[in-house]
Amino acid sequence: MAAVIECGADIDTTPENHMSLKKTLSSASPLTLRIVAECSVTKARACDLVLPHCTVSTPVFMPVGTQGTLKGITVDQLEGLGCQICLGNTYHLGMRPGPDLIEKANGLHGFMNWKRNLLTDSGGFQMVSLVELSEVTEEGVKFKSPYDGKEILLSPEKSISIQNSLGSDIMMQLDDVVSSTVTGPRVEEAMHRSIRWLDRCIAANKNPDKQNLFAIIQGGLNADLRKTCLDEMTKRDVPGFAIGGLSGGEEKDDFWRMVTLSTDHLPREKPRYLMGVGYAVDLVVCVALGCDMFDCVFPTRTARFGSALVPWGSLQVKHKQYAKDLQPIDPDCKCPTCKRHSRAYLHALFKSDTAAMHHITIHNIAYQVSAGIAYSRVKVVIMCVFFFFTEFFICFKRADVSEKHLLQV
Amino acid sequence: MAGSRMKLEFSRVIQGRSRLGVLKGLGRNGQDSMEVPGCLLYTHFGTVPHLTQDTLHTLSNLPSVTQVTLSNIAEHQEVLEEFKDGFRKFAGLHDTLLYCSLHDPAAPCPTGYTTNKTVSVWGSGGRIELTVAKFMALQKIVQPDWYQSMADGETWQNNTSRKRVRKSVDRTLTHLDECLVVHQNSQELDGVEVFGVVEGGDILEERVRSARETAKRPVAGFCLDGLQTGSMDQTLRTQLIAAVTKELPEDKPRLLQGVGRPDEVLACVEAGMDLFESFFPFQVTERGCALCFDFNISPDPERAVLELNGGERDTAGETQPNGDHNLDDQTQMTSFEIDLKDKRYQDDFRPLVEGCGCYCCKNHQRAYLHHLLVTNELLAGVLLMIHNTAHYHGFFGALREALANDQLDLLKDRVSG
């Protein structure tokens, strides 16, 4: 059965925990992780992540609000869906409207009027995925702005400066991002550079008492490189760690191996953020592998194409088969969309108004944030995660993801 | 149909024309009412554009009548037929009355497709031709509280011939008679009311003829068609409305189709109109603008001083003078709004309208709306629709108050800035 362990100032007595606790307290970071429950079979844990704006229950799925907005959803609606932390994008916001304006607006919280937590990424991933890459040097990443063609250098210092202006509760280091399908010396180079850039980011952070800087573990699909990176980065006193460089098209078996290797060597008392992982199956497995935080554009992006996420997969509302289907998207779902509207109405509405997209977005966020993850959190707290996952996969009807993977854990 | 239950109860009639009161006897049970002059809630297929129920219900004092159009509904006939329980239930609409119109006032459709027996609407998949039989079949499955009868209103183009105008009057009367026959024999439409449609283009004699003839039929009220914004200037419109209302019974409501600009609304209320469609806030939203025209005429010493000292007034951007008669170009900005895409709002941290209590103004600033528009974010439409709807309905509230206190002229001055 699950063991309940409190990792807080007044409970820890073992020497090992005492040491790491001291380390956490001495840095006086604006982040505290309280482990509420741990599974005795898998590496899953349920925690309270205390951040400046509010406490976040983990495992947590963080919706992505790229440009300071969550695709047609108001901040009130987002709060109503139980979202305690969401993402903003340094690259996009750094371009428009720019850090100076956002500072004038009292940070990104003030600008979008979001009272809970914000996490900003460094801009590194967009540099690679979105723009014509000019050059990656030790200095930083040089690229051409898509808006005025000017050459811009995104250095670790510049990224942190923008994130300081945005005022997010969690900031990500600028890392040297390399696709997980790339092999060879470039992977090693990127891993070592990411460590050096981490140090530069730490030095550049103007607000260590208000903003938490997370490190990002790199190393591609190479176990040795990952291990080296883990050994080095965990020597730095950062409040949390992200597992980066994955979820980019690699084989699932390789993916999970790297995730579990990472969580094996990351400190227990600090949060683990698996970047860019969002499909329900991956979320559930990676919770079992010891990850606490997840983000992905998939739920909100797919909603705009009429794709609703459900426990048994997804439902393409715009397809003809739903034109006369009078059930809600998910009869068991308690979100505002499912409480009021049928698949048939939404199917028809897609032909008349953009609000149809908003209905699906609301449902998908509700599904990811409250249903998917909270469910697994409750299960961790109450019973053995192993049995929960078996149940989950039967529902999901995915034969390829089976107990075999879980037993590897 | 034995006399309709819908009845206008007046609290004031000014100069025998402008009417203030309550339209009673609405709904299947005849218990609902709405204040007049008033506007209907404009929707696409039962949804206020951009808004879900949560965002819609941040607005208070919503109109009690929701408008839906056959141009949105016609293509879904099959599914509604199978559903059987009416459009209101299908759309998840609670606590609202339903009015069904033929066309979408914000979506002018191609002309040249009406015949003696048919009119056409345009759905997402293209043109759908309606005979009276099909039109009435749709009303039976929609089950509105009231609907306009089928009409031929293609008279708004410049240079519509007299012959064509006469035809539109004749056809519309024939359609009305045929609709009424089906209506009276349909159990599904028991308790549902019909509005007759007055046509006649810009020809006075045809307008009078249409009004007189339509008034002879057992209808609960009247729609005035072919007078849309862009089809003629306000002077002519006022003239025609005045002539028409002389022929209509006093106690039956008059709905003016296709007119939504605040100045035109005021002029048409003065001429004797009661009900309007609220598509104007939607049009303003689609061009990334926010309604900001002043309709506050209550005496406020502070404001008087501010204005004396040339207090900050938003000047709306470049606007189109009213002389432009172009029904197709209702996308032009008016003097009643500000264009939030304009650079000047980039670092303007004030709400859209100072003192506006809507969700958008209570929570967000112009700079944020500007950012959302520049980055093409969906939330822009949501927030603007909330504000524009609130502002427009606030205007109607002010209009009723002005009529109650005999201050319509003062309101007209204020609104025209």
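Modeller: Happy to! Asp295(A) sits in strand β14 of chain A, residues 293-295 (strands, E, at least two residues, are DSSP runs numbered from the N terminus). This is a predicted model, where local features need pLDDT of at least 70, side-chain atom pairs count only at pLDDT 80 or more, and totals for chains, interfaces and linings use all residues. Residues are numbered from 1 along each chain as written, chains are lettered from A in the order written, and side-chain values use heavy atoms, without hydrogens and water.

Asp295(A) is buried at 9% relative accessibility; buried means under 20% relative accessible area with a 1.4 Å probe, protein chains only. Its contacts (heavy atoms within 4.5 Å), leaving out residues up to four places away in sequence, include Phe61(A), Leu87(A), Tyr273(A) and Gly276(A). With Gly276(A), the backbone nitrogen lies 2.8 Å from a polar atom of the Asp295(A) side chain.

Asp121(A) belongs to strand β6, residues 117-121 of chain A. Asp121(A) is also buried, with a relative accessible area of 11%. Among the residues it touches, beyond four places away in sequence, are Gly88(A), Asn89(A), Gln163(A) and Met172(A).

What links the pair? UniProt, in an unreviewed entry, lists Asp121(A) and Asp295(A) under "active site"; such annotations may be inferred rather than shown by experiment. They span 175 residues in sequence, yet no two of their C-alpha atoms are more than 10.7 Å apart, so they gather at one spot.

Key:
Helices (H or I, at least four residues) and strands (E, at least two) are DSSP runs, numbered from the N terminus. Buried means under 20% relative accessible area, exposed over 50%, partly exposed in between (1.4 Å probe, protein chains only). A polar contact is a pair of N or O atoms within 3.5 Å; within protein, one must be able to donate a hydrogen and the other to accept it, and residues adjacent in sequence count only if both atoms are side-chain atoms.
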